[in-house]
Amino acid sequence: VIYEQAGRLHLFDPKAKKARVLKVGVASELLGTRPRYVTGSKYIRNGHISPSGSRAVFEVRGEIVTVPAAKGDPRNLTQTPGAHERSPVWSPDGKKIAYFSDESGEYELVIRRVGKSEAVKKYKLSGSGFYLNPRWSPDSTRICYGDNSLSYYWIDLDSGISKKFGQQPIYGPGPVRTNECGWSPDSKWIAYTLNSTTYVRTLHLYSLEKNRSYPITDGLSDVTEPAFDSSGKYLYFAASTDAGPVRQWFAMSNADMQASRHLYVAVLQKDLPSPLAKESDEEKLAEDIETPEEPTEKEAAGKSESAKEPPAKEQEKKKQTIDIEGLDQRILALDLPPRNYISLQPGADGELFFIDLPLDARIPLGDLKRYSLKKRTAEPVLENVAGYSLSADHKKLLYQAGAKFGIIGSAVPATPGKGALNTDAIDIRIDPRAEWAQIFNEAWRINRDYFYATNYHGADWPKMRDKYARFLPHLATRSDLNRLIQWLCSELAVGHHSVRGGDQLH
């Protein structure tokens, strides 16, 4: 007699009065488990440009890949199908690339040298498990980043010591974004925003030397995306006085509301004149025009020597001076109409790049523009841009337009498609079984670090991972993996929607 019990087939022998379990093997090619190569820009998630704009670095299906602007081939720096590498950024000195990796089982900061050695250094971080949006200091010695507790940190790469310098006072669905954290040119200050208890963001300045933060705005406007001018004289940011209802994300009544923003500049030193002081055109008379005198040999020699100043003196010139007292009274509005301004990034001295989104934009595509304090106008650079990053020398930029990426010069307007990168040449070797194990473990970690109830509704969460991980070697398709993760999440008794931050998955 043959019968089924507990998901297995049993054969009972009436004469012997014994039953045994039948082992049934079904031969299959299991095509979905075979290692293979995948191509295409659809796997690109994050990108950044090298200091000179000769290459871009991308996060591609959990790997870190560099792509040339013109000549050469894409280069996979990591080649770890069973690990998730995320958020790569190129250091301003061009020597290193930073990213986060869970190769050890938990996310760590990885610094990979660029070149023949490609030496790798890993840093265990003291935050809350998931880290995002690393941003280099201009001197390439420090990095600021956020974590899933909505906190800001900075780490000194020489000592490995990290410090927490800010945390959102209340929870919200949005992460700590990289464009809410900007370094000063001398790498001694960080500008960032924090929510108030009314969920309106305020501007703060943090001094690394004093380990102290200073609030700058009064909370009557919602401030976003602070960015230091490359000269160190000014701080740009966007702010809105009608964002209150829109910022209240839990209210359904704001679904059809739009917030408008203006662009502002704060004068950081009290003895600096206003960069927007009123100007007046006057006729210049002949006697008012001075003829420059030829420099003497001594003066010429002095200029020659000053051009050869050692790096220490050059760095001293870049030292940032910020007069906190009265800074809130030295904030000026740029002469631009209210729009939805995003992705503020400083260019050369006195220049600011940003994306101008229409207020009614349903798709985040806008016009990339460059504002000049000298000209006091915003000039178009590129249309229909979803995102961009400027090179460290401000001469080139990496842009994203839909699924296309390109590198262009930042000085002149460009047409869509110019400087397009050959991202279709990116060829990634994947191992589905290794990826599935990583995805499963990351889903487990997401629930561990994001689930709202610290008792996990009574579930022993480490044991739940062991309970379901034993099925991993037997999966045949991606659908099997999805079902396994659903079973795992059902142990929390709230269903699969308990997974927050699901965009972290492969």
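This is a predicted model: local features need pLDDT of at least 70, side-chain atom pairs count only at pLDDT 80 or more; totals for chains, interfaces and linings use all residues.
Student: Why is the packing of helix α5 against helix α6 called roughly antiparallel?

Tutor: Helix α5, residues 461-469, and helix α6, residues 478-490, pack at an angle of about 150°, with their axes 10 Å apart. Angles over 145 degrees count as roughly antiparallel, and that makes α5 roughly antiparallel to α6. The crossing of the two helices is right-handed.

Student: Which residues make that contact, and what are they by class?

Tutor: On α5 the contact is made by W461, M464, R465 and Y468, and on α6 by L484, W487 and L488.

Student: What makes β13 and β16 the edges of their sheet?

Tutor: Four strands form an open sheet in the order β13-β14-β15-β16, with antiparallel pairing. β13 (131-136) and β16 (162-167) each have a single partner strand, so one side of each is left without a neighbour in the sheet. From one strand to the next, the twist averages 25°.

Student: How do you know that β14 and β15 are paired?

Tutor: Two strands pair if there are at least two bridges between them, and five bridges join β14, residues 142-147, to β15, residues 151-156, the two strands running antiparallel. As one example of partners, C144 has W154 of β15 as its bridge partner.

Student: Why is strand β7 called mostly covered?

Tutor: Buried means under 20% relative accessible area, and in β7, residues 63-68, six of its six residues are buried. Both faces of the strand are covered, with E63, V65 and V67 buried on one side and I64, T66 and P68 buried on the other.

Student: How do you know that β7 pairs with β6 and with β8?

Tutor: The criterion is again at least two bridges. Strand β6, residues 55-60, pairs with β7 in the antiparallel sense over six bridges, and V60 stands opposite E63 in β7.

Note on methods: Residues are numbered from 1 along each chain as its sequence is written. Side-chain values use heavy atoms; hydrogens and water are left out. Axes are lines fitted to C-alpha atoms, for helices over the stretch in contact, and angles run from 0 to 180 degrees between N-to-C directions. Angles under 35 degrees count as roughly parallel, over 145 as roughly antiparallel, 65 to 115 as roughly perpendicular and the rest as oblique. A crossing is left-handed if the near helix is turned anticlockwise from the far one by less than a right angle, and right-handed if clockwise. Contact means heavy atoms within 4.5 Å. Buried means under 20% relative accessible area, exposed over 50%, partly exposed in between (1.4 Å probe, protein chains only).
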